[in-house]
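Me: I would like to go through this structure by asking what stands behind each label. Please answer with the value and the rule it meets.

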Number of protein chains: 2
Amino acid sequence: MTKADTAGSAGPSKPKGWNKEWNGCPVRYAAGVFGDKWSFVLLRDVLLHGKRYYGEFQRSEERISTNILANRLAHLVETGMLTRHIDSTSRNKVFYRPTAKSRALIPAFLGVMVWSTEYDSCTEAPDSFAKAFRSDPKGTIAWYEAEIDKVDAALPDPEP
Amino acid sequence: MTKADTAGSAGPSKPKGWNKEWNGCPVRYAAGVFGDKWSFVLLRDVLLHGKRYYGEFQRSEERISTNILANRLAHLVETGMLTRHIDSTSRNKVFYRPTAKSRALIPAFLGVMVWSTEYDSCTEAPDSFAKAFRSDPKGTIAWYEAEIDKVDAALPDPEP
DNA sequence: CATCTCACTTGCAATTTGCAAGCAATATTC
DNA sequence: GAATATTGCTTGCAAATTGCAAGTGAGATG
C-alpha cells in the first residue's frame with residue numbers, strides 16, 4: 001500500500017457536526033458540503049483559479065494549515081465535489097479535479113462574487129467582472145467552464 | 001441601559017479567525033460574512049422563511065444553541081446583513097430585519113438551492129422550484145423580494 | 001406582587017483548529 | 001546508487017470554538 005492510497009484515513013473528523021442528516025433542505029445541504037470557509041475557498045481555487053495539486057492549495061494566500069487541507073480535500077472527495085488522482089508522470093504527486101457536481105456550482109459562485117464586488121469596499125475584483133456577468137451570465141459561465149476544460153486537458157492521464 | 005442594548009458584548013468571539021482581512025477576494029469576503037453553517041442557515045431563515053425574532057431562529061429544525069445564535073446574529077449585524085430592532089409593542093422582544101446587502105444575496109442563494117435540488121438525492125425542494133428559477137430567474141427573485149416586503153410590512157414600528 | 005416570557009450570558013466539557021514536527025514514497029542530484 | 005529534495009499527508013498539542021445546561025435581568029401578564 002503506497003502512501004498515496006491511504007489518504008483521508010485519520011486526522012480531524014469532518015467539519016463540525018455534519019456527520020448525519022444535513023440534507024433535505026437545499027440550503028442546509030449546501031452548508032453541509034461547502035458551508036465552512038476552507039471548503040469554500042478550496043472550491044474557488046479549483047473552479048476559478050485552476051489549482052489542482054495539494055501544494056498549490058497549500059500555497060494559497062489564506063494559508064490553510066496542512067491537516068485541515070487534507071481533511072477538507074477528503075471531505076470534498078467524499079461529497080462528490082472532487083476526484084483524486086495520482087499524477088502518472090510523477091507518482092508522488094496527487095491532483096484533484098472538479099466533478100460535474102462542483103462545476104454546476106459555478107453560476108452560484110459567480111453570483112456570490114458579484115455580490116461581494118458590490119459590497120466589499122476593498123474588493124479586488126474589477127468592475128468589468130460584475131458588468132460582464134450581469135450582461136451575459138451564460139457567456140460568463142461558459143468562459144469559466146472552458147477555462148476548467150483547458151486546465152484539465154493539460155493534466156497528465158489520471159490514475160486511477 | 002436595558003438588556004436589549006447590551007447584545008453582542010460577550011460570549012464566544014467571531015466565527016473562526018475572521019477578525020482581520022478576509023476581504024479583497026470576492027470569495028474570501030463572502031466566506032467571511034456567511035461562510036459558516038450557522039450564518040448561512042440564519043440568512044436562509046431571514047431571507048426565505050420570513051423569520052425575524054430570536055425565538056423563531058432558535059426553533060429552527062437545525063437547533064442552533066443559544067450562545068451561538070446570539071453570536072451569529074451579532075456577526076450578521078456587524079457585517080451589515082441584518083438590523084436589530086426592539087419590538088415597540090412588546091419591548092422585551094427583539095427582531096432582526098434583512099438589509100439591502102443581505103437581500104442582494106437572494107439570487108446567489110437561489111442559485112445554490114437549484115444546485116442542491118439537483119444533487120441532494122434527499123432534497124425536500126419540489127422540482128417546480130428549480131424549474132421556475134431556471135425559466136424565470138428575475139421573476140422568482142422578485143417573488144422572494146415581495147415576500148420579504150410583506151413580512152417586514154407586518155412587523156411593528158422598528159425601534160430604533 | 002408573583003409568575004412567565006424573551007433575549008441573551010455564563011460556565012464548562014468536548015470538539016475542532018492551527019501550528020510545528022515527523023514520515024513514507026517517489027524524484028532528483030551527484 | 002547513495003544522499004538529498006519534494007510531495008502529500010499524519011501526529012501531537014496548545015489554544016480557540018462549539019454545544020449543552022443553567023442562569024439572569026428586563027419587561028409582559030395575571
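Me: What makes β1(A) and β2(A) a pair of strands?
Reply: In this predicted model, β1(A) and β2(A) are joined by five bridges in the antiparallel sense. One place to look is Thr83(A), which stands opposite Arg97(A) in β2(A). The two strands also form a hairpin, with six residues between them.

Me: How many bridges join β1(A) and β3(A)?
Reply: Strand β1, residues 82-87 of chain A, pairs with β3(A) over two bridges, again in the antiparallel sense. The rule asks for at least two, so this counts as a pair. Here Ile86(A) stands opposite Glu159(A) in β3(A).

Me: Why are β2 and β3 of chain A said to stand at the edges?
Reply: The open sheet has three strands in the order β2-β1-β3. β2 (94-98) and β3 (158-159) each have a single partner strand, so one side of each has no neighbour in the sheet.

Me: Why is helix α2 of chain A described as largely enclosed?
Reply: Eleven of the eleven residues of α2(A), residues 37-47, are buried, so the rest of the structure largely encloses this helix. Buried means under 20% relative accessible area. Among the residues that pass this test are Trp38(A), Phe40(A) and Leu43(A), and also the charged Lys37(A), Arg44(A) and Asp45(A).

Me: What makes Arg28(A) and Glu61(B) a salt bridge?
Reply: Their closest N and O atoms are 3.3 Å apart. The cut-off is 4 Å between a side-chain nitrogen of Lys or Arg and a carboxyl oxygen of Asp or Glu, so the pair qualifies. The rule finds four salt bridges across the interface of chain A and chain B.

Me: Which elements of chain A touch chain B?
Reply: Those giving two or more residues are α1 (26-34), α2, α5 (100-103) and α6 (106-119). α6(A) gives the most, with nine residues. By class, this side of chain A has 26 nonpolar, eight polar and ten charged residues.

Me: How much area is buried between chain A and chain B?
Reply: The value is about 3,600 Å², and carbon and sulfur atoms give 71% of it. In chain A, Val27(A), Lys37(A) and Trp115(A) lose the most area to chain B, together 21% of what that side buries. The contact takes 44 residues from chain A and 44 residues from chain B.

Notes: Residues numbered from 1 in each chain as written. Chains lettered and ligands numbered in written order. Predicted model: local features only at pLDDT ≥ 70, side-chain atom pairs only at ≥ 80, totals over all residues. Heavy atoms only, no water. Buried < 20%, exposed > 50% of the residue type's maximum accessible area, 1.4 Å probe, protein only. Helix = DSSP H or I, 4+ residues; strand = E, 2+ residues; numbered from the N terminus. Contact = heavy atoms within 4.5 Å. Buried area = accessible area lost by both parts, 1.4 Å probe.
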